[in-house]
Amino acid sequence: MSASASIGVTGLGVMGRNLARNFARHGYTVAVHNRSAGRTRALVQEFGHEGEFVAAETAAEFVAALERPRRLMLMVQAGEATDAVIEEFAPLLEPGDMIIDGGNAHFADTRRREAALREQGIHFVGVGVSGGEEGALHGPSVMPGGSVESYAVLGPMFEAISAKVDGEPCATHIGADGAGHFVKMVHNGIEYADMQLIAEAYDLLRQVGGYGPAEIADIFREWNQGRLGSYLIEITAEVLGHTDAVTGGPFVDVVVDRAGQKGTGRWTVQTALDLAAPVTAISQATFARAASGQTALRAAYRGLPGGTTPVLSRTEAARFASQVENALYASKVIAYDQGWSMIQDAAKEYGWDIDLAAVARIWRGGCIIRASFLDRIRAAYAQDPALVSLLTEKDFAQEITDAQVPWREIVAMAARRGIPVPAFSAALSYYDTLRAERLPAALLQGQRDFFGAHTYGRVDKPGMFHTHWADADRPETDA
Ligand code: NAP
């Protein structure tokens, strides 16, 4: 077999098959391989006319089909499957070759694999790919980590197959080793928060506003024309407007209210705890999914007293909907701000040089959280790459100031009426925590010093101190 393929894709499941076709449609010769050869044959048979494919049945054939430096992309399940495939192929490769992992790997695994393969001179490139099945075929958002040298070769290929917004590709080199998978993980964390916030807005519109699902679909369609314009708002309108074929009623009413998850939101929260990154809207969104699945607990709590929920009049409801829009927008800005802060914390921890404006740029298309306001986030970081928070940028600050009263009213009203808004209230508390002049953390420090002699700092002099709590006559001492 002659080495004619620019890239090879192994693992021809939903994502791998579509990515391979996307590369081929962009003029690249693609070697294709799968553990079970049936999928390889099916791909070439069904889609062979779309471009140049080289079907390989064995690992050796697959590697032999690749031009040097070899570019071999894995699209298999994260975890053991990925390690197994790396073990199979790495011995067949040479220094300078590249193994690209496009699966949803944990960034810590990517860091481990990158370090191990670097010893052999092989570039291991962990790539976050967002956009699901459709995105993989028509243009995903691509978040590659790995070495600068590998991006010099792979970058043009990723940029070619990625989604384009205003002529700009939704692909960029994120940073060394696991940076790409890290940023993809945070993307998914933000996605959890965005979805939960939208779900809370729907719940309020329905329970307090008295709107039916089809009416709420119309409200979301209207919001989609404004600053909330995004893929998630668009599909929410579709889902809410959908009628169940069996019952003839709203689709949303026949769906069991237990949310699933594949784990990237959970990873975001676990990692945030390690980094001490307070991504409260993301974590509340993740816990809200977990709570929805706690069947026994829900049965135990069901029927306990809550607030009252009189439905608003139609005139009041219209004003209320506008308040919900404000609360949703403000909370969404906070959730995204938390995600960007977490990326900044990780960049410091792992020594990554991440262009925060570029992250916003490549999320404008292809991925699940694509939204019109990402262009403004891009502009904010482009103007000041060291921006600590979006809320220090003047337009975002003004919007949050303007949204404040309705935002607070919505959270207060939800509390009074007993409607759960964990992500709305987490976002508002985050805002109030960070803007506070003094936090009760001072009292916590006192408590910690009392029971554990953990010491505290003083506002009036440098150093750390300990108070001898049991002995009032002894002076406070330097720690
Ligand atoms: P999939 O349809 O289930 O396909 C999995 C592929 O992995 C199959 O080709 C399978 O080969 C292969 N495989 C599994 N275990 C293997 C092993 N031990 N050795 C060799 N090959 C093995 O999965 P997918 O949805 O395409 O997802 C692939 C990766 O992309 C995952 O990491 C996923 O998290 C990630 N991802 C998915 C999406 C999405 O929307 N689906 C989006 C972004 C990223 P066989 O055909 O022989 O079983």
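**Reading the binding-site residues**

Guide: Gly 131 is buried, with a relative accessible area of 16%; buried means under 20%, exposed over 50%, and partly exposed in between, using a 1.4 Å probe and protein chains only. This is a predicted model, in which local features need pLDDT of at least 70, side-chain atom pairs count only at pLDDT 80 or more, and totals for chains, interfaces and linings use all residues. Residues are numbered from 1 along each chain as its sequence is written, and side-chain values use heavy atoms, with hydrogens and water left out.

Visitor: Which residues does Gly 131 touch?

Guide: Contact means heavy atoms within 4.5 Å. Leaving aside residues up to four places away in sequence, Gly 131 touches Gly 366, Cys 367 and Ile 368.

Visitor: At which residues does UniProt place the feature "binding site"?

Guide: Such annotations may be inferred rather than shown by experiment. The unreviewed UniProt entry lists, among them, Asn 104, Gly 131, His 187, Arg 289 and His 454. The annotated residues span 351 residues in sequence and the farthest two C-alpha atoms are 48.6 Å apart, so they do not all gather at one spot.

Visitor: Is Asn 104 buried, exposed or partly exposed?

Guide: Asn 104 counts as partly exposed, at 34% relative accessibility.

Visitor: What joins the side chains of Asn 104 and Lys 184?

Guide: A polar contact is a pair of N or O atoms within 3.5 Å; within protein, one must be able to donate a hydrogen and the other to accept it, and residues adjacent in sequence count only if both atoms are side-chain atoms. Here the side chains of Asn 104 and Lys 184 are joined by a polar contact of 2.8 Å.
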